[in-house]
Amino acid sequence: MDLFAGVGVALITLFDDSGALDAAATAALAEDLVGRGMRGVLVCGTTGEAGKLSDAERVELIGAVRAAVSPAVPVLAGTGASTAAEAARLTAAAAGAGADAVLAWPPAGSEDLNGYFGAVAAAADGRPVLAYHIPWLSAPGVPVAALPGLPVAGQKDSSGDPNRLLEEVTQYEGRTYVGSSAILALAGPLGAAGAILAAANAEPERCVAAFGGDVAAQRELAGTHLAVRAGGPAELKRILARQRGASAYSRLG
């Protein structure tokens with residue numbers, strides 16, 4: 001399956017009030033969001049509290065979401081890890097569970113990005129790989145200048161840096177997906193391939209409109225964006241609990 005164009009969601013992982021994984025509820029949320037305009041679904045990402053999921057939970061979650069959403073919508077899995085061997089292991093498991101593509105952040109301070117992403121690409125067995133630039137998690141991240149030499153189809157950039165965005169869309173031919181809902185009305189008109197967003201769990205329609213260049217929608221997203229930026233997945237779950245009555249339980253506290 002090819003990657004998507006437009007807005008996708010960095011899906012939260014729902015747990016029940018006891019803290020157990022609720023794969024069915026998470027898959028139902030994904031199905032609803034696809035019906036509201038999401039072109040791709042990322043599971044087991046940072047928004048999905050991937051670091052708090054067991055291997056078995058990751059496999060169950062990927063399979064449940066893949067079964068729930070349209071076959072035409074790619075399901076991506078987060079497989080970044082602190083070593084190439086661990087990232088490759090997670091990637092192979094995600095592929096076996098039904099992921100159509102993977103997203104991987106590199107180890108902090110990595111001096112062998114090509115070796116790291118080469119291991120991920122080999123484990124992906126032909127599925128597209130996206131490099132994940134998230135400098136507060138894996139500093140210094142993935143330099144734009146390094147991207148053309150990596151065995152990846154594109155990148156997700158969650159920095160929210162408009163200067164880097166300009167560099168990406170003018171100097172990198174691969175696909176750029178922004179991960180910050182603060183710059184959608186800039187990213188879409190400038191030619192970014194799409195976006196993969198935490199805020200889309202709560203505001204999918206506004207995210208789509210903002211990426212299409214609707215400045216009013218971008219401004220209307222400010223409250224959700226700033227709340228999630230400050231409070232992370234736990235705050236996003238509180239927003240979803242108010243909207244949908246879903247459990248607000250977060251393993252991040």
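Glu205 is partly exposed, at 41% relative accessibility. The term covers values between buried (under 20% relative accessible area) and exposed (over 50%), with a 1.4 Å probe and protein chains only. This is a predicted model: local features need pLDDT of at least 70, side-chain atom pairs count only at pLDDT 80 or more, and totals for chains, interfaces and linings use all residues. Residues are numbered from 1 along each chain as its sequence is written, and side-chain values use heavy atoms, without hydrogens and water.

**Salt bridges**

The structure holds 15 salt bridges. In each, a side-chain nitrogen of Lys or Arg lies within 4 Å of a carboxyl oxygen of Asp or Glu. Three of them are listed here.

| Pair | N to O distance |
|---|---|
| Arg36 and Glu205 | 2.8 Å |
| Lys237 and Glu49 | 2.7 Å |
| Arg164 and Glu168 | 2.6 Å |

Arg36 forms its salt bridge with Glu205. That pair links distant parts of the chain, 169 residues apart: Arg36 sits in the loop between α1 (23–35) and β2 (41–43), Glu205 in helix α7 (residues 204–211). Helices (H or I, at least four residues) and strands (E, at least two) are DSSP runs, numbered from the N terminus. Arg36 is partly exposed, at 29%.

Lys237 and Glu49 meet in a salt bridge. Lys237 belongs to helix α9, Glu49 to the loop between β2 and α2 (55–68), 188 residues away. Both are buried.

Arg164 and Glu168 are about one helical turn apart, because four residues separate them in helix α5 (residues 162–171). Arg164 is buried at 9%. Glu168 is buried at 0%. Elsewhere, salt bridges with shared partners join Asp32, Arg36, Glu205 and Arg244 into one network.
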